[in-house]
Amino acid sequence: MTMVVTAPARATAARRVISPGGIEAWLVEDHTNPLVAIHFAFQGGASQDPPGKAGTAYLLSGTLDEGAGPYDSTAFHERGEDLAIDLHFDADRDYFSGSLKTLTRNRDEALELLRLALQEARLDQESVERVKAQILAGLRRETKEPNAIARNAFAAAAFPGHPYGLPVKGTLEGVPQLGRADLDLYRRKVLARDGLKVAVVGDVDEATLAEALDTIFGGLPKRAELASVPDVPMAQGTRQTIGLPVPQSVIAFGLPGLARKDKDYVPAVVMNHILGGGSFTSRLWTQVREKRGLAYSVHSSLSPFRHSALLAGATSTKNERAAESVAVIAGEIDTMAGGNVSADELDKAKKYLMGSYGLRFDTSTKIARELLQAQLDELGMDYFERRNSEIAAVTAADISRVAKRLLDTKKMLVVIVGQPVGL
């Protein structure tokens with residue numbers, strides 16, 4: 001129980017640090033261990049890929065650390081490995097992100113490598129082509145991987161004609177067409193200070209961090225040039241089957257969800273835990289796995305994006321039992337839509353969600369990740385003090401209200417990949 005109490009408390013010690021150049025970060029200063037963890041994100045992500053160039057952001061995330069400033073790719077990586085510096089970049093639908101972890105004694109060298117990657121990435125043609133080849137190899141594997149096929153098909157069906165419907169990693173046809181000029185243009189338009197959020201945890205004080213923020217990020221453009229991305233509701237009520245010669249069918253299903261700042265979001269978290277979010281305890285697990293043995297696992301989760309939101313889930317089952325599995329999932333969603341939860345279900349869900357919260361804060365890296373997410377979701381620095389009390393305040397009436405609001409199987413989108421029988 002100690003971890004549950006003390007770990008989130010470390011996050012509540014966060015302070016705002018604003019550099020002389022006006023760059024803000026949330027800092028948890030902790031000198032217990034000689035480590036520093038930095039997580040940061042720029043608004044944009046794959047939704048800013050130019051038309052016809054899906055995968056640009058993802059390719060850039062793989063090439064920023066492939067040589068920068070005076071270092072070619074080999075020298076850059078060797079420098080990081082010699083100093084035990086962990087530097088990564090990534091891109092999802094809404095954000096282009098990065099993380100850095102370093103020992104205190106190597107902090108200055110680590111921050112310089114990060115600065116070089118962000119401001120002076122070489123994007124050498126040889127490196128770009130090598131990373132493209134790696135991405136293409138992964139995409140070719142995914143053409144035979146049922147979960148990846150279902151995931152991409154679900155996104156395309158849920159958001160037709162919208163950036164969210166395109167694969168973040170790009171396509172086998174499109175990635176070979178991407179070049180250095182595309183990466184450089186994306187970098188100049190998206191990696192800017194006005195869309196930047198930063199979280200830092202570890203062995204660094206406010207004054208040192210304030211100076212470092214300007215060093216790392218100060219040379220970036222002041223304002224991003226982001227293309228407008230429209231808000232979009234999830235397409236509803238369709239079922240798609242994709243044939244694939246495999247012994248099991250993968251089933252992806254989803255309903256419209258809620259924005260993170262919606263007043264019903266926290267009750268929806270509790271409701272979803274009861275429905276399909278709770279491992280080994282949820283209603284879907286009980287009905288699909290325990291009572292019928294239809295699948296090894298089944299789950300659902302809330303996904304609040306910047307411009308849309310989903311309540312989505314997935315499972316896999318024998319082809320001959322796919323139709324039964326879909327029917328059981330839909331039936332359980334309909335039952336939950338009735339709004340009735342037992343006092344025991346509600347109590348166990350809230351206790352789990354509150355008690356397990358501390359596991360998100362047991363390392364500096366995890367704390368930095370949570371600090372960053374709170375900034376991206378605009379939850380305020382006091383969120384870590386409020387969060388468990390908000391969960392505790394959820395009532396059966398709240399669950400009933402949000403279940404009736406969200407759970408309408410007429411709106412459910414289902415994508416099945418395999419050779420399902422009876423569908």
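Val17 stands opposite Ala25 in β2. In this predicted model, the two residues belong to a pairing of strand β1 (residues 15-18) with strand β2 (residues 24-29), which is antiparallel and runs over four bridges. The two strands form a hairpin with five residues between them. Within the turn, Gly22 has a positive phi of about 90°. Strand β2 also pairs with strand β6 (residues 196-202), here in the parallel sense and again over four bridges. Trp26 has Ala199 of β6 as its bridge partner.

An open sheet is formed by five strands in the order β7-β11-β8-β10-β9, with mixed pairing. Strands β7 (239-243) and β9 (298-304) stand at the edges and have a single partner strand each, so one side of each is left without a neighbour in the sheet. On average, neighbouring strands of this sheet are turned by 15° against each other, direction ignored. The pairing of β9 with strand β10 (residues 309-318) is antiparallel and extends over seven bridges. Ser303 stands opposite Leu310 of β10. Helix α6 (residues 146-158) packs on the sheet and touches β7, β8 (248-256), β10 and β11 (413-418). The direction of α6 makes about 150° with that of β11.

A helix pair was examined next. The axes of α9 and helix α11 (residues 322-337) come within 11 Å and cross at roughly 145°, and the crossing is right-handed. Helix α9 contributes Met271, Ile274 and Leu275 to the contact, and α11 contributes Glu332, Ile333 and Met336. By class, these residues divide into five nonpolar, no polar and one charged.

Two or more lining residues come from each of α9 (265-277), β9, α12 (343-355), α13 (364-376) and α14 (383-392). Edge strand β9 is thus among the elements of this lining. The lining comprises 13 nonpolar, five polar and eight charged residues.

A search of the whole structure finds three cavities of 30 Å³ or more. The largest cavity holds about 50 Å³ of space. Its lining consists of Val36, Ile38, Arg107, Leu111, Val200, Val204, Thr208, Leu209, Ala212 and Ile216.

Definitions and conventions:
Residues numbered from 1 in each chain as written. Predicted model: local features only at pLDDT ≥ 70, side-chain atom pairs only at ≥ 80, totals over all residues. Heavy atoms only, no water. Pairing = 2+ DSSP bridges. Axes fitted to C-alpha atoms, helices over the stretch in contact; angles between N-to-C directions. Contact = heavy atoms within 4.5 Å. Nonpolar A, V, L, I, M, F, W, Y, C, P; charged D, E, K, R; others polar. Left-handed = near helix turned anticlockwise from the far one by under 90°. 1 Å grid on protein atoms, 1.4 Å probe; cavity = no way out; pocket = protein on both sides within 12 Å on 5 of 7 lines; lining within 4 Å. Points joined across faces, edges and corners; volume = space filled by probe spheres on them.
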